[in-house]
Amino acid sequence: MKVASVLIPLPVHEAFDYEVGEGMDLARGDQVAVPLGPRLMRGVVAEVRETTGSNRRLKAVESRLDDPALPPGTVDFVEWAARWTLSPPGEMAATALKGLRAPRPKPERRLRRVGDRTPGRPTAGRTAVLEAIGERAMPGAELARAAGVSSAVVKGLVDEGVLEAFEVEAVAAFDRPDPDHRPAVLNADQGAAAEALATATAAGGFKPFLLDGVTGSGKTEAYLEAVARTLKADPEAQVLILLPEIALTQALIERITRRFGAAPAEWHSGVTPPRRRMVWEAVVAGRCNIVVGARSALFLPFPNLRLIVVDEEHDGSFKQEDGLVYHGRDLAVARARIEGATVVLASATPSLETLWNAHHGRYGWLKLATRHGASVLPEISLLDLRQSPPDPQTWLSQPLREAIAETLMAGEQTLLFLNRRGYAPVVLCRACGHRMTSPDTDSWLVEHRYTGRLVCHLTGFSMVRPKVCPSCGAEDSLVSVGPGVERVEEEVRQLFPEARTAVFSSDTIPDPRAMRAMIQRMTDGEIDILVATQAAAKGHNFPGLTLVGVVDADLGLRGGDLRAAERTFQLLTQATGRAGRADKPGRAILQTWTPEHPVLMALAAGDRDAFVEAEMAEREAASLPPHGRLAALILSSEDASAVERVASELAASIPNAERLEVYGPADAPLGLIRGRRRKRLLVRADRDVDLQGFLRSWLSRLKIPGSVRLTVDVDPYSFL
């Protein structure tokens with residue numbers, strides 16, 4: 001008999017076997033309905049095999065569904081990703097089916113002319129409507145705009161029977177991009193990079209590249225030209241461009257639309273469910289050539305994926321830490337290998353893992369060493385706060401204030417960068433020292449002066465700022481400690497009341513529309529001083545911006561995070577790189593209490609190689625990534641004793657292994673989140689050790705009780 005192994009979208013660690021009935025023809029990737037307990041469930045066929053029999057009775061596949069099958073490469077990728085991350089393959093399959101679970105778009109209501117009927121009382125407006133519609137069918141609002149009349153005129157023609165309404169099912173298809181629509185003028189480095197990428201794509205097979213270019217060097221133009229050449233060689237080719245944040249998608253979509261004369265598909269959490277379904281169906285049918293999306297777009301069912309671009313590949317936002325835990329950059333490389341496609345990792349500040357692969361010849365290395373056009377990199381200086389400290393309860397030193405004044409006098413723009421949201425990061429009681437924290441969480445509450453609330457940025461909890469200390473009851477004793485962007489903006493408004501000042505953070509920019517409006521105001525020169533978090537430090541081009549002031553350059557260097565130095569170098573390079581991107585030269589001033597820190601000295605000298613060499617040497621000495629590998633096991637439960645017990649049992653059951661160490665268990669730095677106590681174990685292994693195999697062997701020795709949640713994080717980025 002035939003047996004089908006079916007991936008069911010549930011957190012189970014294996015496929016379920018079902019008998020395939022006579023006459024039912026199934027193949028890998030088909031979607032089926034199968035019984036699971038009392039319910040019928042959707043599943044994806046992972047394998048169909050002939051067997052002589054079974055010692056247990058198998059339930060039968062109920063039916064093959066009419067929905068499109070997942071392409072073989074997508075199923076291969078889902079299974080590989082589950083093995084790599086030690087995640088249930090059913091949950092990975094659920095991610096691949098996510099778009100299909102959304103409702104279909106509602107049919108579109110359109111109008112068309114009824115034969116040669118004419119209105120009983122012709123008017124100029126009615127005549128304009130009939131001329132605009134001609135023999136076509138159009139939505140009513142679009143017809144009114146085209147004719148330059150009100151909707152009442154169109155409705156009158158419908159009521160009279162001259163026009164009739166009908167419904168059209170939304171078609172899951174996107175306009176074909178035209179590779180020759182508006183080619184960019186590339187410099188020699190950009191042209192060479194685009195040619196190398198297009199040649200690799202045309203040749204077929206897996207080819208990974210690092211596109212390494214300084215800020216403003218035109219990496220986007222280079223990879224879009226590679227996209228154009230790929231589509232010219234194969235009009236059916238599909239391209240996926242991944243971005244780390246939704247905020248960056250709109251600008252790229254507009255550039256792609258200008259370049260190719262057609263908008264790409266968009267895939268991220270901000271896209272409505274019906275639209276996501278349209279994208280999913282268009283992708284699997286091959287009627288969508290270019291997708292711009294967040295990391296989850298990797299799971300779309302591409303039948304002909306030829307090129308993947310991971311823009312800002314160094315960005316930590318590509319790491320998903322809730323639900324399924326995976327790194328989008330690493331899975332993008334894996335998907336390209338499985339599909340036999342080209343993958344481009346683009347960045348001005350590549351991750352050390354990517355640089356290691358490029359140094360060792362595993363990735364092609366394409367370099368853009370200069371800025372595109374007439375612009376040059378900004379001059380970066382370190383401002384020693386020990387020599388020029390700010391006044392008490394202020395955050396901008398006198399030299400930075402003077403630089404802002406000079407920039408205002410010149411009619412140019414300033415960006416003040418502080419990667420800390422809200423007004424103040426800590427609120428404490430002067431009487432007893434109590435720090436305001438989120439209930440059931442060890443996270444401090446951040447004051448937001450705009451809303452008058454204290455907010456936990458980890459859990460989303462918020463409360464009105466109390467008038468008395470909840471610990472000792474003292475009145476008016478709570479004080480704000482430290483600056484956030486709102487507090488810096490308050491200082492700027494006091495110092496420069498005539499300047500047009502705004503705050504750019506995820507709190508003040510609630511949606512993509514507000515983001516576009518803020519970027520447009522800055523681009524049009526309607527803002528003089530922009531106080532911003534990292535939301536403004538990536539990918540934006542502000543022609544009038546010539547001064548970047550970093551309020552606290554030491555902020556990211558505090559603490560014991562493995563990647564603290566790397567992240568700080570990347571973030572400050574990106575932030576300072578916003579200055580001088582047009583014809584006016586730019587400069588950046590970094591306020592610091594430790595100007596001798598190697599990261600800051602390398603930034604000021606513009607010497608990335610020196611920083612990378614020193615950081616690589618430290619990592620190699622400790623056998624840490626990229627010279628070694630890490631995995632974290634995080635246990636959490638509302639029952640602290642259960643966490644303690646399971647952590648001890650895990651520690652007692654560690655398998656013997658060479659060139660591998662396990663540290664812990666220890667309390668997580670954030671030991672309490674949403675009422676759940678947390679403990680961590682950290683595994684370090686040499687690069688050539690089968691880390692996933694070790695973890696599987698270890699975890700198979702112990703049954704985790706239902707009251708305790710275990711999260712496995714391969715290659716962790718957060719150590720909280």
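Leu352, Leu355 and Trp356 in helix 11 meet Arg608, Val612, Glu615, Met616 and Arg619 in helix 17; contact means heavy atoms within 4.5 Å. This is a predicted model: local features need pLDDT of at least 70, side-chain atom pairs count only at pLDDT 80 or more, and totals for chains, interfaces and linings use all residues. Residues are numbered from 1 along each chain as its sequence is written, and side-chain values use heavy atoms, with hydrogens and water left out. Helices (H or I, at least four residues) and strands (E, at least two) are DSSP runs, numbered from the N terminus.

**Helix 11 and helix 17**

- Helix 11 (residues 352-359) packs against helix 17 (residues 608-621) at an angle of about 95°. Their axes are 11 Å apart. Axes are lines fitted to C-alpha atoms, for helices over the stretch in contact, and angles run from 0 to 180 degrees between N-to-C directions.
- Helix 11 is therefore roughly perpendicular to helix 17, a term for angles of 65 to 115 degrees.
- The contact residues divide into five nonpolar, no polar and three charged. Nonpolar covers Ala, Val, Leu, Ile, Met, Phe, Trp, Tyr, Cys and Pro; charged covers Asp, Glu, Lys and Arg; the others, Gly among them, count as polar.

- Seven of the eight residues of helix 11 are buried. Buried means under 20% relative accessible area (1.4 Å probe, protein chains only).
- These buried residues are Leu352, Glu353, Thr354, Leu355, Trp356, Asn357 and Ala358.
- Their cover includes strand 8 (207-213), strand 15 (342-347), strand 16 (364-368), helix 10 (328-339), helix 15 (564-576) and helix 17.
- Just after helix 11, Gly361 has a positive phi of about 80°.

**Gln591**

- Gln591 sits in strand 27 (residues 587-592). Gln591 is buried, at a relative accessible area of 1%.
- The Gln591 side chain reaches the backbone oxygen of Trp395 at 2.9 Å. A polar atom of that side chain also lies 2.9 Å from the backbone oxygen of Val551.

- Five strands form an open, antiparallel sheet in the order 2-1-4-3-5. Two strands pair if DSSP finds at least two bridges between them.
- Strand 2 (16-20) and strand 5 (63-64) stand at the edges with a single partner strand each, so one side of each has no neighbour in the sheet.
- Strand 1 (residues 2-7) pairs with strand 2 in the antiparallel sense over five bridges. Ser5 stands opposite Asp17 in strand 2.

How values were computed. Buried means under 20% relative accessible area, exposed over 50%, partly exposed in between (1.4 Å probe, protein chains only). A polar contact is a pair of N or O atoms within 3.5 Å; within protein, one must be able to donate a hydrogen and the other to accept it, and residues adjacent in sequence count only if both atoms are side-chain atoms. Angles under 35 degrees count as roughly parallel, over 145 as roughly antiparallel, 65 to 115 as roughly perpendicular and the rest as oblique.
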